[in-house]
Amino acid sequence: MDKLWAQARPELESLVGANNYVTWLAPLSLRAIEGGAADIACPTRFLSDWVSRHYARPIIDALTAQGAAVERVTFTVAAAPAAAAPAGPAAAGARPAAPARPRPAPREDELSAPIDTRFTFDNFIVGKPNELAHAAARRVAEGGFVTFNPLFLYGGVGLGKTHLMHAIASERRSRDPDARVLYLSAEQFMYRFVQALRERTVMDFKELFRTVDLLMVDDVQFIAGKDSTQEEFFHTFNALVDQGKQIVISADRAPGEIKDLEDRIKSRLSCGLIVDLHPTDYELRLSILQSKTDLFRATYPGLQMGQGVLEFLAHRITSNVRVLEGALQRLFAFASLMGREIDLDMTQECLTDILRASDRKVSVEEIQRKVAEHYNIRLSDLVGPKRVRTLARPRQIAMYLAKQMTSRSLPEIGRRFGGRDHTTIMHGVRKIEELCAADNSLAEDVQLLRRALEA
Ligand SMILES: Nc1ncnc2c1ncn2[C@@H]1O[C@H](COP(=O)(O)OP(=O)(O)OP(=O)(O)O)[C@@H](O)[C@H]1O
């Protein structure tokens, strides 16, 4: 059998190509041929499934070409003997095949990004904008029966997606130390995949990703437009879902909004629970500031903070939590250097740039430009008289955002929309309010535009 297999290898390699051969077929060996069935030894179940689905025909053809009577292939999961070497032109001849390179068993901690244990559920402050995301994340961290797969967390910059993912990983590991938890960014997924291709360890890569209990991929929008990585991600995703293993994904927008992401992936990502981390509101910002201040007090003991400073910050810095944290950090460092109490004067002096950036006002014209760009229509059509739905709806969205995001009055907005009457603007604003309540995808569109304008 060994001799026959050695003779069939070069034929097999020429049938499937050198890369596929090395990745999938080199580790195999021929155990027996009985009743027209070639029994192939495969080191793992995963490999045998894959080869049986993709390479049964070339194996039959390669063996038949050597004169063997083979009509079908069966697989036995067993360690391959030393013959599991790359074929190459010389392998069929007298030269004995070299032993396969021994590889240590893959471990998920080799691929997982480090988990930052400072990000816990305990120090994640919950408010209206993030309560659903927090509850879903906790549910996943508890393990047990998988109720939604995947959990898809999305939201703007610095709103706590990564924090929640690290919290899930830590909690899951502490509840079940044997659970295989793999957390990495989509970018790391791609680099590891490319590295595996380069080092011809795709088998290890695939097997590792298909044997985890919990896979978490951060910033999945990164793989959009990267074809091979999307393909690999799709298969990994399906294999895990089929096995009932939990997946958690994060992104900066909803699956349907990610450009250049294959439709089948969008549809897969939409199968579970999709949760939006909304921009923070005043109450949530204040709670976060209070909780972070307690932590800073431990680092800078003795520092005093005047009345109203946190309220001032929560009111003025609305962009995201990361900026809030940075502002607080700077304040404490500054106060400690100057040996002064943190009061409102110092806050304004020390945070001038951050406060100025937060003050940035959006103009009606900017809103119009952004909306026209988003819906791929001309600015002149957006403000012009045409009433077709493809123009009227974006126009109403722009009116709605202008009312929400600027301090312009309805007549002023009307003037900027080609001299329309204020009642037309009011009608547009109401229409979008109603549609947002009834139509999730429109509400998401509006939210996305708002975030882009606030950025
Ligand atoms: N609700 C919250 N409670 C406490 N800290 C929070 C909360 N939300 C965010 N943070 C903190 O804000 C910072 C930014 O959060 P995180 O990195 O999770 O954001 P993100 O949504 O992943 O953003 P990005 O898309 O930029 O990576 C972190 O230090 C995180 O701990």
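Guide: The shell around the ligand takes at least three residues from domain 2 (113-277) and at least three from domain 3 (282-359). The model is a predicted one, and the positions below should be read as such. There are 18 residues around the ligand, and those that come nearest are Gly 160, Lys 161, Thr 162, His 163 and Val 321. Two helices, α7 (161-175) and α14 (321-338), each give at least two residues to this shell. Sorted by class, the shell holds seven nonpolar residues, seven polar ones and four charged ones.

Now the backbone. A cis peptide bond joins Asn 149 to Pro 150, with omega near 0 degrees. Pro 150 belongs to the loop between α6 (131-142) and β4 (151-155).

Asp 260 sits in the loop that runs between β7 (246-251) and α11 (263-269). Is Asp 260 buried or exposed? Asp 260 has 11 other C-beta atoms within 10 Å, and a residue with 12 or fewer counts as exposed, so Asp 260 is exposed.

Asn 376 is found in the loop between α17 (364-374) and α18 (379-383). Asn 376 is exposed too, because 8 other C-beta atoms lie within 10 Å and the cut-off for exposed is 12 or fewer.

Terms used:
Residues numbered from 1 in each chain as written. Predicted model: local features only at pLDDT ≥ 70, side-chain atom pairs only at ≥ 80, totals over all residues. Near = placed C-beta within 6 Å. Helix = DSSP H or I, 4+ residues; strand = E, 2+ residues; numbered from the N terminus. Nonpolar A, V, L, I, M, F, W, Y, C, P; charged D, E, K, R; others polar. Domains from an automatic or database assignment. Buried ≥ 20, exposed ≤ 12 C-beta atoms within 10 Å, placed from the backbone.
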